[in-house]
Amino acid sequence: MRVLVTNDDGIESEGLAVLVRAALDAGADEVVVAAPARDSSGASASLLGAEQDGRLVVDRRDAPGLPAGVDSFAVRAAPGLIAFVAAHGGFGPKPDLVLSGVNRGANTGHAVLHSGTVGAALSAATHGIRGLAVSLADARPQHWATAEAYTTHVLGWMLDRPQLPDRVVNLNVPDRPLAEVRGLRRAPLAAFGAVQARVHEVEHGNLMLTYSEHQVSQEPDTDAGLLLRGWATVTLLHAPAFEADAALPERHAPLGAAEG
């Protein structure tokens with residue numbers, strides 16, 4: 001099994017080493033780290049990158065705390081592009097699995113649409129690569145070992161189910177000592193997420209964006225609500241999705257011509 005580890009917090013995040021260790025413990029034959037050269041939070045699955053002389057800018061740089069023998073690259077690109085490049089052999093043979101994170105802060109609710117952590121895994125999934133996105137629910141997390149333990153548990157479940165190549169598992173873990181996490185719960189997405197943005201109009205037509213904690217107490221059984229109450233949560237995602245049987249305005253002749 002070949003594993004790519006990436007994130008959206010950047011190459012300097014110690015969360016990368018957490019996922020590398022989990023992959024090696026799960027029996028990965030080869031693990032490669034390729035992460036953004038700088039913070040790319042909120043990048044979703046965008047294909048943004050910096051080129052020099054027509055080539056994507058990639059430098060060899062070790063992420064902190066990596067085990068010996070793991071290749072590590074800093075890429076001037078969003079995590080979705082990194083996963084896309086990996087799927088096409090940019091960092092060696094196509095990986096069998098993409099692990100993304102461990103993100104500093106939760107990725108819950110429909111706000112996962114904007115997450116670079118989740119976006120990297122979704123980008124991989126569109127190329128038939130299984131993906132696991134992992135987040136630790138604090139902007140300055142302390143309990144990386146807790147995230148590692150839950151990652152190892154969920155990764156084992158995934159490896160026993162190879163029939164899920166186009167799905168992404170989204171794992172959120174409370175930033176608590178392992179013994180203080182209540183357990184692991186399957187959870188639907190909250191209406192938005194842990195943080196919500198509001199747009200205000202100010203003078204001269206300018207707009208101001210503010211952020212506030214989202215009131216999750218009204219959604220206690222969603223990923224955001226369960227996480228707030230001390231549960232680790234796991235959600236199965238897929239994209240892109242479409243409704244095959246939707247009634248849409250088809251037409252079997254050019255506009256302006258009578259249909260036969």
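Reply: Start with pairing: two strands pair if DSSP finds at least two bridges between them. Helices (H or I, at least four residues) and strands (E, at least two) are themselves DSSP runs, numbered from the N terminus. In this structure, Ser135 stands opposite Asn172 in β9. Six bridges join β8 to β9, and these two strands run parallel.

Me: What kind of model is this, and how are residues numbered?

Reply: It is a predicted model, in which local features need pLDDT of at least 70 and side-chain atom pairs count only at pLDDT 80 or more, while totals for chains, interfaces and linings use all residues. Residues are numbered from 1 along each chain as its sequence is written, and side-chain values use heavy atoms, with hydrogens and water left out.

Me: How many helices and strands are there in the protein?

Reply: The protein has five helices and 13 strands.

Me: In what order do the nine strands of the open sheet come?

Reply: The order is β5-β6-β2-β1-β7-β8-β9-β13-β10, with mixed pairing. At the edges are β5 (58–60) and β10 (184–186), each of which pairs on one side only. Neighbouring strands of this sheet are turned by 20° against each other on average, direction ignored. Such angles are taken between axes, which are lines fitted to C-alpha atoms (for helices, over the stretch in contact), and run from 0 to 180 degrees between N-to-C directions.

Me: Which strands does α4 lie across?

Reply: Helix α4 lies across β7, β8, β9, β10 and β13, and runs at about 160° to β8. It has 16 residues and reaches 22 Å from its first C-alpha to its last, close to the 22 Å expected at 1.5 Å a residue. The expected span is 1.5 Å times one less than the number of residues.

Me: Which residues of α4 are buried?

Reply: Buried means under 20% relative accessible area, exposed over 50%, and partly exposed in between (1.4 Å probe, protein chains only). The buried residues of α4 include Trp144, Tyr150, Val154 and Leu155. Its buried residues pack against α1, β7, β8, β9, β10 and β13; contact here means heavy atoms within 4.5 Å.

Me: Why is α2 described as largely enclosed?

Reply: Seven of the nine residues of helix α2 (residues 79–87) are buried, so it is largely enclosed by the rest of the structure. Among them are Pro79, Leu81 and Ile82. The buried residues of α2 pack against β1, β2, β4 (55–56), β6 (71–75) and α3 (116–125). After α2 comes Gly89, whose phi is positive, near 85°.

Me: What is a nonpolar core?

Reply: It is a set of buried Ala, Val, Leu, Ile, Met, Phe, Trp, Tyr and Cys residues joined through side-chain atoms within 4.5 Å. In soluble globular proteins, nonpolar side chains tend to be buried together. The largest core here has 35 residues, and those with the most contacts inside it are Val3, Val5, Val33, Leu99, Val102 and Leu132. Elements that each supply at least two residues of this core include β1 (2–6), β2 (30–36) and α4 (144–159). A second, separate core of 15 residues includes Phe73, Val75, Ala83 and Val98.

Me: Where is Val33 found, and is it buried or exposed?

Reply: Val33 is in strand β2 and is buried, with a relative accessible area of 0%. Not counting residues up to four places away in sequence, Val33 touches Val5, Ile11, Leu16, Val20, Leu66, Val70, Asp71, Ser72 and Phe73.
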